[in-house]
Amino acid sequence: MVNGICAVLFGLAVGSFLNVCIDRLPRGQSLLHRRSHCPVCKTTLAAHDLVPVLSYVLLWGRCRYCSAPIPKRVVLVEAGTGMLFLVFWSIYGASVYFLLATLAACVLLVVLIIGIEHGVGLGRGRGSPQVGKKGVRDGLRR
Ligand SMILES: [Zn+2]
């Protein structure tokens, strides 16, 4: 029970880092160089603004400094990662499989959300192969 709670707390913290990856990787920004800041008013966020899920709830989903809305994705990724860690902990316990499963899930989550937010994949990205409805239909007929 206590270990499960620790897994959730660890997952929440990792989820917070995944949000940094989702925000910065597509822009080519460093993951470590600059502290977390509001993308609208550029104010560097204090430690109490960065508590996963809790800060979002206490601030009603808005920036403490400029009241700009914080994307719901932030709290969903944090809470979702916490739940993923709990699920994997209940399946694998303290093992290398837990680490591998959480690592794979985190990478997939970051790639999936960047793809959704930036319209990458399924032939919609620049330079990717164009797979239209006709191509898919032709493939199903064969
Ligand atoms: Zn702000």
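How many helices and how many strands does the protein chain have? The protein chain has five helices and zero strands, where helices (H or I, at least four residues) and strands (E, at least two) are DSSP runs, numbered from the N terminus. Read along the sequence, the pattern is therefore α-α-α-α-α.

Before going further, please keep in mind that this is a predicted model, in which local features need pLDDT of at least 70 and side-chain atom pairs count only at pLDDT 80 or more, while totals for chains, interfaces and linings use all residues. Residues are numbered from 1 along each chain as its sequence is written.

Let me begin with burial. Of the 142 residues in the protein chain, 17% are buried; a residue is buried if 20 or more other C-beta atoms lie within 10 Å of its own, exposed if 12 or fewer, and partly exposed in between, with C-beta atoms placed from the backbone.

Next come the helix pairs, starting with α3 (residues 72-92) and α4 (residues 96-118), whose axes come within 10 Å and cross at roughly 155 degrees. That makes α3 roughly antiparallel to α4, since angles under 35 degrees count as roughly parallel, over 145 as roughly antiparallel, 65 to 115 as roughly perpendicular and the rest as oblique. The axes here are lines fitted to C-alpha atoms, for helices over the stretch in contact, and the angles run from 0 to 180 degrees between N-to-C directions. The residues that make this contact include Val 77, Leu 84 and Phe 88 of α3, together with Ala 101, Cys 106 and Leu 109 of α4, a contact meaning that the C-beta atoms of two residues, placed from the backbone, lie within 7 Å.

Helix α1 also passes both of these helices. The axes of α1 and α3 come within 7 Å and cross at roughly 140 degrees, which makes α1 oblique to α3. The axes of α1 and α4 come within 10 Å and cross at roughly 40 degrees, and α1 and α4 are therefore oblique to each other.

Which residues form the largest nonpolar core? It has eight residues, namely Val 14, Leu 18, Ile 22, Tyr 56, Ile 70, Val 74, Val 77 and Cys 106, a nonpolar core being a set of buried Ala, Val, Leu, Ile, Met, Phe, Trp, Tyr and Cys residues joined through C-beta atoms within 7 Å. The elements that give two or more residues to this core are α1 (2-24) and α3, and α1 gives the most, with three residues. Cys 106, leaving aside its neighbours within four places in sequence, is in contact with Val 14, Leu 18 and Thr 81. A second, separate core of five residues includes Leu 84, Phe 85, Phe 88 and Trp 89.

I will finish with Cys 38, which lies in the loop between α1 and α2 (54-58). Cys 38 is partly exposed, with 16 other C-beta atoms within 10 Å. Not counting residues up to four places away in sequence, Cys 38 touches Thr 43, Leu 45, Cys 63, Tyr 65, Cys 66 and Ala 68. As for Cys 66, its C-alpha atom is separated by 8.6 Å from that of Cys 38, the two residues being 28 residues apart along the chain.
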